[in-house]
Amino acid sequence: MLKGLYTAYTGLRHEQHRMDIMTNNLANSTTVGFKKEGSTSQSFDEILAYRLKDTTDVGNLAKRIGYNTPGVKIGETYTYYDQGPFQATNNTYDLALGGNGFFTIEFTNKAGETTTMYTRAGDFTLTKDGYLVTKDGDYVLGTNGRIRLDTLADATVGKDGSIMQNGVTVAQLRLTDFEDYDYLEHYGETYFVPVEGYTTKAADAEVYSGYLETANVSVVTEMVNMISITRAYESNQKIMQAYDETLEQAANQTGRL
Amino acid sequence: MVRSLWSAASGMNAQQVNLDTIANNLANVNTVGFKTTVNEFKSLLYQNIQTRTTSANGDTKPVGAQVGLGVRNASMISIFKQGAANATESDTAFCIEGEGFFAVRGNDAQTYYTRNGDFTWTLGNNNTLILTTTEGLPVLSTTGALITLPRDQYVTSRITVTADGTVCYPDENNVPQSMGFAIGLYQFNNPAGLNKEDSTIYGVTDASGPALNEATNGALQRSKLLQGYLEQSNVQVADEMVSMIITQRAYEMNSKAIQASDEMMQQANNLRR
């Protein structure tokens with residue numbers, strides 16, 4: 001009997017986690033370069049159920065009466081790397097990627113450690129020294145390291161990621177793609193960090209200057225998810241209440257004259 | 001659960017700031033020299049909620065189950081795109097076509113910069129006239145000096161300004177002659193880094209880089225000055241309205257997520273009767 005109580009508990013906990021993930025999608029529904037996330041539900045490993053104090057099976061063993069799954073957990077969280085819709089801004093350094101690939105960013109954290117990160121958010125700007133940076137000031141990397149432009153000349157960005165000034169190609173954006181997106185971890189700030197075991201490959205993405213790639217969150221899906229999550233939560237709660245009632249009867253009613 | 005509440009709250013806060021920006025843009029739709037501001041968002045840090053995750057067929061995945069913790073306002077930057085030039089009756093109205101800024105001297109004797117060319121001749125000391133903004137801040141010349149005239153020798157309505165800012169006065173034959181000074185125009189390496197003061201005036205910061213004088217710096221592409229025109233704000237009303245719809249709906253949906261989280265907590269609370 002109590003087994004079911006804990007199964008319902010894992011259900012409640014699981015729906016909470018799904019709610020957390022869904023809310024983050026909604027909170028980021030207007031974040032440039034955000035990719036929506038989801039999670040799968042997975043049952044706990046099956047365990048064999050035995051009769052208690054039973055010796056009827058061969059060798060005086062307890063008899064098996066089948067399998068039992070004691071609840072649910074998150075199988076995996078995954079990210080949809082689908083293309084997000086474009087928003088026209090007409091700013092040269094607002095870059096959107098069409099196709100698979102990521103911008104390469106040199107990220108320095110508060111401790112001063114520098115790592116390479118990847119992002120789909122192309123809302124870049126120039127510093128006074130002419131470096132192409134993200135809005136947080138992290139350097140955007142080109143094929144030859146940091147990209148430095150002449151701030152006084154107009155620039156155009158080609159679809160292949162080349163940056164032209166005064167008719168000369170002055171830099172080339174370094175676009176990176178990965179064989180398996182499962183090896184990408186979220187850092188936050190719409191940055192992704194590859195984990196051990198990743199392999200890169202050439203990106204097939206085209207660069208569109210003057211556009212931003214908005215979040216690929218579909219709010220209708222999220223609202224439907226929200227309904228299904230809250231209702232699933234409610235049903236689990238009802239199961240718990242039912243257990244509570246049965247337990248109450250067992251404790252207080254049984255044996256009463 | 002508390003995570004989803006705070007994530008949704010961060011979403012509501014971010015959208016609130018976004019609406020503040022949109023409202024300010026719309027309020028300034030008729031402000032001369034106003035530059036529209038755009039808000040951009042970034043996701044907050046991610047947290048592991050489960051370290052071991054498996055795919056559908058039971059293989060362990062390289063990355064744990066991560067959940068994001070919401071959103072923040074990453075940047076609010078001004079877009080210095082050219083606004084429309086609008087003809088006016090005023091002889092002391094100027095519109096900059098290009099990347100330049102007018103320099104003005106603030107009340108604290110610091111130099112500030114503006115795109116608002118709605119100027120006027122103001123009475124100064126010793127019977128002089130000074131070219132100032134409508135707030136009374138003196139406009140600076142290419143050498144960084146005030147633009148002053150002896151009051152009784154000139155009829156201000158006859159003063160003309162050429163495209164490069166040179167101030168001229170007609171001679172006996174009605175041919176405009178340079179008066180020896182020009183309205184200064186200055187550019188910045190990174191105008192988005194300028195600090196917004198009040199009255200469409202900007203201050204220099206480390207991020208913007210120092211002001212570059214168009215008259216002395218040959219590398220700069222010189223802007224053109226149009227007399228008798230004012231630069232309207234570059235706010236795109238249709239864009240702002242669409243942003244407003246998106247903002248309001250995003251706000252609403254985040255509030256729904258808070259409600260849903262609240263209901264779930266209530267149900268958890270009701271477990272123990």
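What covers the buried residues of H2 in chain A? The cover includes H1 of chain A together with helix H2 (237-269) of chain B. Before I go on, some conventions. This is a predicted model, in which local features need pLDDT of at least 70 and side-chain atom pairs count only at pLDDT 80 or more, while totals for chains, interfaces and linings use all residues. Residues are numbered from 1 along each chain as its sequence is written, and chains are lettered from A and ligands numbered from 1 in the order in which they are written. Helices (H or I, at least four residues) and strands (E, at least two) are DSSP runs, numbered from the N terminus.

Back to H2(A), which covers residues 219-252. This helix has 34 residues and reaches 48 Å from its first C-alpha to its last, close to the 50 Å expected at 1.5 Å a residue. The expected span is 1.5 Å times one less than the number of residues. The buried residues of H2(A) are A:Met226, A:Ile229, A:Tyr233, A:Asn236, A:Gln237 and A:Met240. Buried is a count: 20 or more other C-beta atoms within 10 Å of the residue's own, with exposed at 12 or fewer, partly exposed in between, and C-beta atoms placed from the backbone.

A:Lys238 is also in helix H2 of chain A. Because A:Lys238 has 12 other C-beta atoms within 10 Å, this lysine is exposed. The C-alpha atoms of A:Lys238 and A:Ala8 are separated by 9.0 Å, although the two are 230 residues apart along the chain.

Next, the first helices. H1 of chain A and H1 of chain B, residues 2-27 in each, have axes that come within 8 Å and cross at roughly 5 degrees. Axes here are lines fitted to C-alpha atoms, for helices over the stretch in contact, and angles run from 0 to 180 degrees between N-to-C directions. H1(A) and H1(B) are therefore roughly parallel to each other, a label for angles under 35 degrees, with over 145 roughly antiparallel, 65 to 115 roughly perpendicular and the rest oblique.

From H1(A), the contact uses A:Met19, A:Asp20, A:Thr23, A:Asn24, A:Leu26 and A:Ala27; from H1(B), B:Arg3, B:Ser4, B:Ser7, B:Ala8, B:Ser10 and B:Gly11. Contact means C-beta atoms, placed from the backbone, within 7 Å. By class, there are four nonpolar, six polar and two charged residues in this contact. Ala, Val, Leu, Ile, Met, Phe, Trp, Tyr, Cys and Pro count as nonpolar, Asp, Glu, Lys and Arg as charged, and the others, Gly among them, as polar.

H1(B) has 26 residues, which should span 38 Å at 1.5 Å a residue, and the end C-alpha atoms are 37 Å apart, which agrees. Its buried residues include B:Met12, B:Ala14, B:Gln15, B:Asn18, B:Ile22 and B:Asn25. The buried residues of H1(B) pack against H1 of chain A together with S1, S3, S4 and H2 of chain B.

Now the contact between the chains as a whole. It takes 56 residues from chain B and 53 residues from chain A. On the chain B side, the largest share, 12 residues, comes from H2(B). That side divides into 28 nonpolar, 22 polar and six charged residues.

On to the strands, which pair if DSSP finds at least two bridges between them. In chain B, S12, S13 and S14 form an open antiparallel sheet in that order. The edge strands are S12 (160-161) and S14 (176-182), each pairing on one side only. S12(B) is joined to S13 (residues 166-170) by two bridges, and B:Thr160 has B:Cys168 as its bridge partner.

In chain A, S18 (residues 191-194) runs antiparallel to S8 (residues 114-119), with two bridges. S18(A) also runs antiparallel to S17 (residues 184-188), with four bridges. A:Phe192 in S18(A) stands opposite A:Tyr118 and opposite A:His186. The hairpin of S17(A) and S18(A) has two residues between the strands, and A:Glu189 there takes a positive phi near 60 degrees.

Which phi value does B:Asn127 have? It is near 60 degrees, positive in a residue other than glycine. B:Asn127 lies in the loop between S9 (119-123) and S10 (128-133) of chain B, and counts as exposed with 10 C-beta neighbours inside 10 Å.

Terms used. Two residues are in contact if their C-beta atoms, placed from the backbone, lie within 7 Å.
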